[in-house]
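Me: Please take a close look at one part of this model for me: its pocket. Keep it brisk, and give the cut-offs as you go.

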Amino acid sequence: MNTTTISAKDFGDNFKWGVAMSAAQNEGAYLEDGRGLSIWDVFARKSGKIKGNTKPTECCDFYHRYKDDLLLAKALGFTTFRFSISWSRILPDGVGKVNKAGIAFYNKLIDECLINGLEPMITIYHWDLPYELEKKGGWTSHLMRKWFERFTTICVNAFGDRVQHWIVMNEPSGFTTLGYMVGQHAPGKIGFDGYMSAIHNAALCTADGGRIIRSHSSKAIIGTAFSCSEVIPYKEELLHIKAAAKADVILNRMFIEPALGLGYPEDPDFPFLEKLYFHSKAWKYTRQMQFDFDFIGIQNYFSLTVKHNSIIPYINASEVKASTRNVPHTDLGWEINADSFYRMIKRFWDYGNVKSIIVTEGGACFKDQLKNGVVNDEKRIAYYQQYLAAVLKAKNEGVNLNGYLAWTLTDNFEWAFGYNARFGLIHVDFETQLRTIKNSGYWFRNFLKK
Ligand code: NOJ
């Protein structure tokens, strides 16, 4: 397929085109109008693990600039706008009193989306747990299900009259592994016991969230978003093949399989899974971890080549970086491989009981340069051309694929990479908050033209 000649028309009239963002990465205003602290506010202050020692205090100031940013999304031709709700803006201590100003903010945001012809899509949880809940164990606590139930119920009751599309959880594999096993993300925990509890509570809350939204809103269209990365063994040798299979469990199978009713993955060579199985008493929970989602969100940022590494506990695998293999990669070193994205879409679809797929995030980080008012990010344009062609190929082959949301509208706070890892279609000068549409933004506008 000639990737430069496809256009939005090829995807059909009902295909959703949107942009995605998250509260912790965009809003800023971290102490305003009664918001409580999230784990990211505290982690950024204490861990020393954020590049440049930056903090998500102001981000791209979406809290104050949402009207302008929505106008920009509209101007580029998008019609879906995905954002997440900051839990600690709604419930500053995580569970107790509702902060009316928090509800008011999201009401204004939703109304403004609708005024601009942008269909709001809400993510309930995008990694920013209230710090007060982390103090009580966070995702490792069995109380998580109660806490999550309250937060989700408040959101659906407050916003469900105008919002139809919901995403319960964003990339549970990401926040459990990075936050509760390797400590690179908030809350910075390291080890396996907490990791297992976090996995189990996240798997349960994913399905609970679906049930809660369904019971409070009959018109809701409910999904949840999983990351995925094809894992390729470094060499076709048994040790490396086994290492790849284990990484595949963690990256691709750990959450979607319970959500689809299959329980936790099994792999006789991976003792961690047996530990998880007994730790979580998984046999009791297969049905509770399942929910009949209307759509599954897929997010893919790289494919991964791994080799056997006995030093890494349980998983015995480590990455062979793209930069050492002379393959195309982004400026974060993430391998660009649209064919592998296509294969992951097909693989998720092939589970058989996925009703519909939306690519709920897709994008790439490059070291963009703003020169004379122009950001010529041609690598990002080429990236989107290849990845959208992969989406179209899967769709044309029968996958019920109904949308693509670019990550992300404006440059924002990229977690442990801070502010220098830019993913936006719009450049942000973080000193002045000046927005400049990058060439990739103009490219999208042209691509989406009716
Ligand atoms: C997926 C996460 O959902 C999002 O928050 C993050 O910024 C992107 N990956 C890029 O790393």
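Reply: The largest pocket has a lining of 46 residues. Nearest its centre lie Leu178, Gln184, Leu251, Phe302 and Glu319. A pocket here is an open set of points on a 1 Å grid over the protein atoms alone, with protein on both sides within 12 Å along at least five of seven lines; a lining residue has an atom within 4 Å of a point. The model is predicted, so local features need pLDDT of at least 70 and side-chain atom pairs 80 or more, while totals for chains, interfaces and linings use all residues. Numbering runs from 1 along each chain as its sequence is written, and side-chain values use heavy atoms, without hydrogens or water.

The space in the largest pocket comes to about 1,400 Å³, taken as the space filled by probe spheres set on points joined across faces, edges and corners.

Helices H8 (172-180), H10 (238-253) and H13 (322-325) each give at least two residues to the lining of the largest pocket. H8 gives the largest share, four residues. Helices (H or I, at least four residues) and strands (E, at least two) are DSSP runs, numbered from the N terminus.

By class, the lining of the largest pocket holds 25 nonpolar, 15 polar and six charged residues. Asp, Glu, Lys and Arg count as charged; Ala, Val, Leu, Ile, Met, Phe, Trp, Tyr, Cys and Pro as nonpolar; the others, Gly among them, as polar.

The ligand sits in this largest pocket (more than half of its atoms lie within 2 Å of the grid points). Around the ligand stand 13 residues, each with a heavy atom within 4 Å. Gln25, His126, Asn170, Glu361 and Glu414 are the closest. Six residues of this shell are nonpolar, four polar and three charged.

Now the polar contacts (N or O pairs within 3.5 Å). Gln25 places a polar side-chain atom 2.8 Å from a ligand oxygen. For Trp415, a side-chain N or O atom is 2.9 Å from an oxygen atom of the ligand. Trp407 has a polar side-chain atom 3.2 Å from a ligand oxygen. Alone, the ligand exposes 290 Å², and the protein buries 96% of that (Shrake-Rupley, 1.4 Å probe).

A cis peptide bond joins Trp407 to Thr408, with omega about 15 degrees. Thr408 belongs to the loop between strand E13 (401-406) and strand E14 (426-429). Another cis peptide bond links Ala186 and Pro187, with omega about 5 degrees. Pro187 is in the loop that runs between H8 and helix H9 (193-216). Most peptide bonds are trans.

The structure has four cavities of 30 Å³ or more, where a 1.4 Å probe fits but cannot get out. The largest cavity holds about 70 Å³. Its lining counts 14 residues, with Ala23, Ala24, Gly28, Arg35 and Pro56 nearest the centre. Helix H1 (23-26) and helix H2 (39-46) each supply at least two residues of that lining. Six of the cavity's lining residues are nonpolar, three polar and five charged. Between H1 and H2, the loop includes Ala29. Phi of Ala29 is positive, near 45 degrees.

Methods:
Polar contact = N/O pair within 3.5 Å; in protein donor to acceptor, adjacent residues only side chain to side chain.
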